[in-house]
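This report is written for a reader new to the structure.

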Amino acid sequence: MVWQTTGWGGRFLLGSMEGGTSFATLLLALQLVLLPAMTSEKELILGEAGDQAKLPCKASKKENMDFTWKQQDQIIILRGFRKGSVPKVIGKTKKKDRVDSSRNEWDSGNFSLIIKKLEIADSGAYFCEVENRKQEVQLLVFKLTANPSDYIFSGKNMTLTLHGSSNLPGFKVEWNGPGDKSKRILSQDKKTLNLIHMEPKEGGIWYCDVTVNGKTLKLSIKVTVFGFTSPFQTIYKMTGKTVQFSFPLNLNEQELNKEDPKGELTWQVEGVASPRQPAKYSWKDKTLTAENGIPNFRLENSNLPITFTLSPVLPQHAGSGVFLLKFSSADLKQKVNLVVMRAMSLESPHKQLCCDVLGPIIPGLKLRWVLENQTEINLDVSEKQRELKVNKPESGTWECQLFNQDEKLLNSDSFKLTAKQKWNLPIYLGIGLGAGASLLLLFGLSTFCYVRRRHRLRRAERMSQIRRLLSEKKTCQCSHHF
C-alpha cells in the first residue's frame with residue numbers, strides 16, 4: 001500500500017487491495033485521514049438554567065477562519081465562514097433559536113458558542129472544529145427549585161431541590177440560608193434540602209454551591225415566608241398605664257385584599273379556666289373592621305401594622321392573648337403575653353410597702369425595692385414567689401423595679417415616707433409631768449384669782465347696800481323733826 005499526501009492536507013491510499021485487506025479496513029483508514037486531529041484539552045463550563053453560557057473555542061492564530069460547532073452526536077449546531085456572502089449558518093437542532101456566536105471576536109481567533117436560556121437538557125459534550133483540530137467543551141447545567149412554591153405561609157414546610165447530573169468527579173454541594181439550622185434535613189446525595197415549619201425570619205436568599213472538578217457554580221433562590229414578623233412577644237406594664245399590642249405582617253395591603261382574611265383576638269386571663277369569647281374582625285377594602293370586641297381592648301390602627309390598645313391596665317388583664325388571621329390556604333397567628341406589676345404603700349395594720357408581678361412568669365425575673373438608690377431588697381420571681389414586701393420601711397423615697405437578668409423592665413412611681421419619731425420614756429415622762437404640774441399650777445392660780453375677785457365683788461356689793469340703807473335712815477330722821 002502507498003500513502004500520498006493531498007493538496008489540502010489529507011492523505012489517501014493508492015494501489016490495489018491485496019490478500020486479506022478488506023474494504024472495512026480501507027473505510028476506517030479514510031475516516032481517520034479525513035477527521036481533524038483531536039487535542040487532549042477539555043474545557044468544563046457550569047451554567048444555571050435560564051441563564052446563558054459561553055463555550056470557548058480559540059485558534060492558534062489571531063485571525064478569522066472557518067469553524068464548526070457540533071453536538072456529541074456530531075450534528076452541526078453552527079458553522080462560521082471566513083469568506084462568503086453568509087458568515088454563519090445555524091444547524092437544525094432543538095436549540096437552533098438559542099445559539100449564536102459573536103462575529104466581532106472572530107478576527108482575534110475566538111469562535112465561542114453562546115447558548116441562551118439554558119436548559120437541563122443542554123448538558124453534554126460540544127466540539128469545536130477549527131484549524132484542522134477538534135476542541136471539546138463539557139457543559140453542565142443545574143437548576144434550583146422550591147416545592148410547593150418559593151413563597152409559603154408561616155408554619156409550612158418547603159423543599160429545595162438541585163436538578164442536574166451528580167454522577168461527576170469531584171461533585172460537591174453546599175447549602176446556605178437564613179434561620180435555624182436545626183430545622184434543615186439534607187438528603188443523602190445532598191441534592192434535596194427539606195425546611196421544616198418555616199418562619200418569616202427564614203425567608204430570604206438561599207444559596208446552593210455546586211462544585212465539579214474544582215469549578216464552583218453559585219445558585220440562588222429567593223424564598224418568601226408570609227406571616228407575623230414577630231411570632232411571640234412579652235410586654236411588661238405597670239397598673240394604670242396604657243399598653244399597645246402591635247401585630248406586624250410581611251404581607252402588604254394588596255396581598256391581603258386578594259385573600260380578605262378573617263381575624264380573631266382571644267384573651268386568656270391568668271387563673272381563669274376558659275378564655276373570653278374572642279373578638280372577631282374582617283379585612284375589607286384595605287381596612288380591618290371590628291365585628292365585636294373585648295372590653296377595654298380598642299382597635300387602634302385598622303391598617304398595617306394591626307394595633308390594639310388597652311387602657312388602663314388593671315391586674316385582671318394579666319395573661320396572654322392570640323391574634324389569628326384566617327386565610328383560605330392557611331392560618332397565621334401571633335401570641336402575646338402581658339405581665340403586670342403593681343406597687344402599693346399600706347398603712348394598716350402597720351406601715352408596709354408591697355410590690356408584686358401578675359401574669360406569665362419567665363426565668364430570670366427579679367423584683368427590687370430601692371431606697372434612694374442605696375438600700376436594695378431583692379426577690380427572684382417564680383410561680384410561687386411573686387410578691388416582695390418591706391415591713392416598717394425607713395423614711396425616704398422608695399421605688400419598686402422589675403428586672404430580667406440585668407435589664408431593667410419597669411419602674412414604679414416613687415413612695416415618699418416621712419420620718420417616724422422614736423419614743424424615749426424618761427424624757428417624755430418628765431415633759432409630761434412638768435406639763436401636768438404647770439397645768440395644775442395654772443388651774444390653782446386661776447381658781448385663786450377667780451375666788452378673790454368674786455369675794456371683792458361680793459364685798460363691794462355689800463358696802464353698796466349698807467350705804468344705801470344708811471342714806472335711807474338719815475332721810476327718815478330728818479322728816480321726823482319737821
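A disulfide is a pair of cysteine sulfur atoms within 2.5 Å. The model described here is a predicted one.

**Disulfides**

How many disulfides does a search of the whole structure find? The search gives 2 disulfides. One joins Cys355 to Cys400, with an S to S distance of 2.0 Å. The torsion about the S-S bond of Cys355 and Cys400 is about -85°, so this disulfide is left-handed. Because Cys355 lies in strand E28 (residues 352-358) and Cys400 in strand E32 (residues 396-404), the pair ties together parts that are 45 residues apart in sequence. Both Cys355 and Cys400 are buried.

Cys57 and Cys128 form a disulfide as well, and their sulfur atoms are 1.9 Å apart. The torsion about the S-S bond of Cys57 and Cys128 is about -65°, so that disulfide is left-handed. This pair links distant parts of the chain, 71 residues apart. Cys57 sits in the loop between strand E4 (53-55) and strand E5 (67-70), while Cys128 belongs to strand E10 (residues 124-130).

| Pair | S to S distance | S-S torsion |
|---|---|---|
| Cys57 and Cys128 | 1.9 Å | about -65° |
| Cys355 and Cys400 | 2.0 Å | about -85° |

With the bonded cysteines of the chain numbered in sequence order, the pairing reads 1-2, 3-4.

**Burial of cysteines**

Buried means under 20% relative accessible area. Cys57 has a relative accessibility of 1% and therefore counts as buried. Cys128, at 0%, counts as buried. Cys208 also has 0% relative accessibility, so Cys208 counts as buried. Cys354 is at 2% relative accessibility and so counts as buried.

**Cavity**

The structure holds 1 cavity of 30 Å³ or more. About 40 Å³ of space lies in the largest cavity. Which residues line the largest cavity? The lining is made up of Pro178, Asp180, Lys183, Arg184, Leu195, Ile196, Met198, Glu202 and Trp206. By class, the lining of the largest cavity has 5 nonpolar residues, 4 charged ones and no polar ones.

**Strand pairing**

Strands of a sheet pair through backbone hydrogen bonds, either parallel or antiparallel.

Asn176 has Tyr207 in E17 as its bridge partner.

Elsewhere, strand E29 (residues 365-371) and strand E30 (residues 375-380) run antiparallel, joined by 6 bridges. The bridge partner of Arg368 in E30 is Asn378. E29 and E30 form a hairpin with 3 residues between the strands. In this hairpin, Glu372 takes a positive phi near 50°.

Technical notes:
Residues numbered from 1 in each chain as written. Predicted model: local features only at pLDDT ≥ 70, side-chain atom pairs only at ≥ 80, totals over all residues. Heavy atoms only, no water. Helix = DSSP H or I, 4+ residues; strand = E, 2+ residues; numbered from the N terminus. Buried < 20%, exposed > 50% of the residue type's maximum accessible area, 1.4 Å probe, protein only. 1 Å grid on protein atoms, 1.4 Å probe; cavity = no way out; pocket = protein on both sides within 12 Å on 5 of 7 lines; lining within 4 Å. Points joined across faces, edges and corners; volume = space filled by probe spheres on them. Nonpolar A, V, L, I, M, F, W, Y, C, P; charged D, E, K, R; others polar. Pairing = 2+ DSSP bridges.
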